[in-house]
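User: Hi! I'm new to this one, could you walk me through it?
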Amino acid sequence: MTKLVALAGLNLSGNYLKGFIPNNIGHMKMLESLDLSRNHLYGRIPLSTQLQSFDASTYEGNIELCGPPLMNLCPGDVIPPSRSLDKHDNEDDEDELITIGFYISLGLGFCIGFWGVCGTLVIKASWRHAYFQFFNNMSDLIHVTVVVFIARMKRKFQLQE
């Protein structure tokens, strides 16, 4: 029966079936509805298949059946620890406030810094001229330094040849 990969619906309810659900029943990829209720099935519902996507009512009446989507835990299943309600639960909220505060400070700092420099240069012509003159002088200094360095290197390597 598990070779019927194109099977869309399977209703085996109330047939007094006994045993476990075979692992390869999950290979029926087209299976949209399944009803295995009111049988005598036992064991774990196979994992990593679409069998977990069906409602618990699909397996109703099989009291020895366990595993998801049923609430019955199988032997050896571990219950995940529940989160405790203490001060650590508020860490996400604290991080969010820190993040919001960071972005507000970043925006204010940018605006104040930008307008503190650019606003001053726009308003005061003498500062604007001094500012651009400083960068012009620095550009000239770097240019002269590079040209002198290259000339020295050329002279040094010509003498050694």
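User: Is S37 buried or exposed?
Analyst: S37 counts as buried, because its relative accessibility is 4%; buried means under 20% relative accessible area, exposed over 50%, and partly exposed in between, using a 1.4 Å probe and protein chains only. Keep in mind that this is a predicted model, where local features need pLDDT of at least 70, side-chain atom pairs count only at pLDDT 80 or more, and totals for chains, interfaces and linings use all residues. Residues are numbered from 1 along each chain as its sequence is written, and side-chain values use heavy atoms, with hydrogens and water left out.

User: Where is S37 found?
Analyst: S37 sits in the loop between β3 (33-35) and β4 (40-44); strands are DSSP runs of E with at least two residues, numbered from the N terminus.

User: And what is S37 in contact with?
Analyst: Leaving aside neighbours within four places in sequence, the contacts of S37 include L12, S57, Y59 and N62. Contact means heavy atoms within 4.5 Å.

User: New topic: how many disulfides does a search of the whole structure find?
Analyst: One, where a disulfide is a pair of cysteine sulfur atoms within 2.5 Å. C66 and C74 form it, with their sulfur atoms 1.9 Å apart. The link is right-handed, with 105° about the S-S bond, and both C66 and C74 are buried.

User: What about C111, how accessible is that?
Analyst: C111 is partly exposed, because its relative accessible area is 41%. C118 is partly exposed too, at 28%.

Methods
Helices (H or I, at least four residues) and strands (E, at least two) are DSSP runs, numbered from the N terminus.
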